[in-house]
Amino acid sequence: MSALADSSVRRIGAQVLRYWYLLRGSWPRFVELAYWPTVQMIMWGFITIFFTTHSSWIAQAFGVLLAGVLLWDTLFRAQLGLSVSFLEEMWSRNLGQVFVTPLRPWEFLASLMTMSIIRTLIGVLPAMLLAIPLYGYSVFDMGLPLIAFFVNLMVTGWAVGLFVISLILRWGLGAESLAWFVIFGLAPISCVYYPIATLPDWLQYVALAIPSAPVFEGMRGVMLDGVFRTDLFFLAAALNVFYLALGSAVFLWTFHQARRRGLLLQMGE
Amino acid sequence: MDTRPAPLDAASPEPGDTPALAVTNLTKRYGDLTAVDDLSFAAPRGTTVGLLGGNGAGKTTTLSMLLGLLLPSAGDVRMLGCDMVRDRYRVLGRINFSSPYVELPLRLSVRQNLRVYGLLYGVRGIEARITEVAQALEIEPLLDRKTGKLSSGQKTRVALAKAMLNEPEVLLLDEPTASLDPDTADRVRGYLEDYQARTGATIVLASHNMAEVERLCGDVVMMRAGRMVDRGTPRALIEKYGRTTMEEVFLDIARAQRELEA
């Protein structure tokens with residue numbers, strides 16, 4: 001590895017270590033990470049059990065609903081993981097310290113994404129594992145496609161997170177609440193629990209322009225038809241590349257504006 | 001042991017007698033407000049320059065532009081020969097900064113904070129270096145305490161320890177002895193003097209403490225309403241204003257600013 005790449009890895013590692021110290025030192029943060037995915041899984045599991053006794057179609061879709069819950073939470077946690085790590089810097093008024101070190105903005109983003117992976121795994125893995133003894137359902141039975149869905153949803157979460165932290169960087173902590181609810185605006189058109197065809201025609205085009213809808217459609221393809229739809233996979237991947245690049249560009253532009261307006265030293269509660 | 005960061009980034013562009021810091025026609029405007037107006041000065045290597053002025057004089061804005069945190073509306077900042085607007089990553093590992101107004105993460109222990117920043121600056125032998133600065137700034141008993149639990153004076157010393165981790169060639173200090181008791185402040189000033197004598201570092205200091213400025217600074221830039229209104233050694237300024245201390249000089253200039261504003 002070149003010296004430059006080595007120093008980048010070291011700086012990214014330093015930021016990850018900073019967030020890890022914070023996470024490790026706070027059991028409520030740990031509990032919070034695992035709490036909602038577990039609660040959601042339990043709630044939806046029982047809802048699904050109820051429907052299985054009342055609908056023959058739903059009876060076939062037990063795993064589809066549960067997998068939808070778990071993968072939706074992956075998307076939500078990925079976005080939240082990135083946004084909250086950024087908010088930690090804002091809450092501690094630390095941005096001015098961080099950005100006078102040799103840490104490049106792209107390295108900063110890489111550290112946020114790394115923490116997003118860690119936080120998401122801590123959040124959703126217990127729920128995924130708990131579903132096995134509770135419902136005899138294992139999301140891991142999807143096999144390799146699960147990795148494709150997981151990676152795509154992580155990247156979608158990062159892209160949304162990049163737009164969110166750009167708004168927070170521009171507008172300050174007054175925009176903090178965006179981190180908690182903005183992703184839910186995508187839920188209806190992500191088609192987590194129903195096929196894209198359920199939507200009105202015009203809305204189907206909107207759904208196919210966001211990466212999460214083809215992921216969940218692909219998930220149903222695997223679970224109901226036993227087919228991994230590569231067309232949906234590549235559509236989601238291409239959309240993710242586009243939105244991640246756009247989100248990164250928006251963040252870097254906002255960062256430049258923050259340097260122009262003197263926001264980096266003023267951020268805080 | 002040499003704990004300075006390894007020169008991982010591109011080679012530093014430093015022709016022979018380049019000053020550590022050269023500020024040329026530096027200006028910052030926010031709409032109609034001019035926070036810093038056509039400021040020019042240089043800091044040769046191994047010297048200490050003080051930025052002095054009342055509240056709103058433009059000291060913090062100037063420091064922010066020196067660090068590259070704030071983009072100037074016009075003018076130029078060259079640190080160790082590098083343009084701080086376009087090329088600051090080439091030198092950020094060789095400078096550092098401390099301010100009581102910019103916090104370190106409060107829920108991390110002091111040691112964790114110093115370790116993270118040591119890694120960010122690429123400090124070699126980081127644990128030994130943490131011990132070294134902790135001893136020098138007498139914060140060893142604080143190392144395993146949460147930063148947020150410290151008093152203001154303790155936080156000031158921890159922030160200074162962070163600033164010393166990479167043995168900076170240029171050290172930018174915003175009120176480095178704020179909240180310190182007179183005895184601790186005196187020892188911190190002694191530490192800075194020793195450090196400069198040992199390493200030849202350049203220090204840029206913004207302070208309201210006139211005794212500190214008289215003791216540490218060889219060159220003082222007096223600012224008012226964003227402009228440099230005077231400049232010289234503390235002794236020369238005291239003589240010029242017909243006063244006996246820098247505090248009296250400062251009051252003369254600050255009162256002139258109030259009259260200007262009125």
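The model is predicted, and it scores ipTM 0.86 and pTM 0.85. Chain A has twelve helices and zero strands. In the contact between the chains, 29 residues come from chain A and 24 residues from chain B.

**Confidence in chain B**

- Chain B has a mean pLDDT of 89, with 92% of its residues at 70 or more.
- In residues 7-13 of chain B the pLDDT falls below 50, and this stretch has 14 contacts in the model beyond near neighbours in sequence.

**Chain A**

- Along the sequence, the pattern of chain A reads α-α-α-α-α-α-α-α-α-α-α-α.
- Of the 269 residues in chain A, 45% are buried.
- When contacts in chain A between residues at least 6 apart in sequence are considered, 75% of them link residues at least 24 apart.

**The side of chain B that touches chain A**

- Chain B contributes 24 residues to the contact with chain A.
- Helices α1 (59-67) and α2 (110-120) of chain B each provide at least two residues of this side.
- The most comes from α2(B), which gives five residues.
- By class, the residues on this side of chain B are 18 nonpolar, four polar and two charged.

**Packing of α1(A) against α2(B)**

- Helix α1 of chain A, residues 3-24, packs with α2(B) at an angle of about 165°, and the two axes are 8 Å apart.
- Because angles over 145 degrees count as roughly antiparallel, α1(A) and α2(B) are roughly antiparallel to each other.
- The crossing of α1(A) past α2(B) is left-handed.
- On the α1(A) side, the contact is made by A:R10, A:R11, A:G13, A:A14, A:L17, A:R18 and A:Y21.
- On the α2(B) side, the contact is made by B:Q112, B:V116, B:L119 and B:L120.
- The residues of this helix contact are six nonpolar, two polar and three charged.

**B:I203 in chain B**

- Strand β8 of chain B, residues 202-206, contains B:I203.
- B:I203 counts as buried because it has 24 C-beta neighbours inside 10 Å, where the cut-off for buried is 20 or more.
- Apart from neighbours within four places in sequence, B:I203 contacts B:T48, B:L171, B:L173, B:L192 and B:Q196.
- One of these partners, B:L173, is 30 residues away from B:I203 along the chain, with 7.4 Å between their C-alpha atoms.

How values were computed. Residues are numbered from 1 along each chain as its sequence is written. Chains are lettered from A and ligands numbered from 1 in the order in which they are written. This is a predicted model: local features need pLDDT of at least 70, side-chain atom pairs count only at pLDDT 80 or more; totals for chains, interfaces and linings use all residues. Helices (H or I, at least four residues) and strands (E, at least two) are DSSP runs, numbered from the N terminus. A residue is buried if 20 or more other C-beta atoms lie within 10 Å of its own, exposed if 12 or fewer, and partly exposed in between; C-beta atoms are placed from the backbone. Two residues are in contact if their C-beta atoms, placed from the backbone, lie within 7 Å. Ala, Val, Leu, Ile, Met, Phe, Trp, Tyr, Cys and Pro count as nonpolar, Asp, Glu, Lys and Arg as charged, and the others, Gly among them, as polar. pLDDT is the predictor's confidence in each residue, from 0 to 100. Axes are lines fitted to C-alpha atoms, for helices over the stretch in contact, and angles run from 0 to 180 degrees between N-to-C directions. Angles under 35 degrees count as roughly parallel, over 145 as roughly antiparallel, 65 to 115 as roughly perpendicular and the rest as oblique. A crossing is left-handed if the near helix is turned anticlockwise from the far one by less than a right angle, and right-handed if clockwise.
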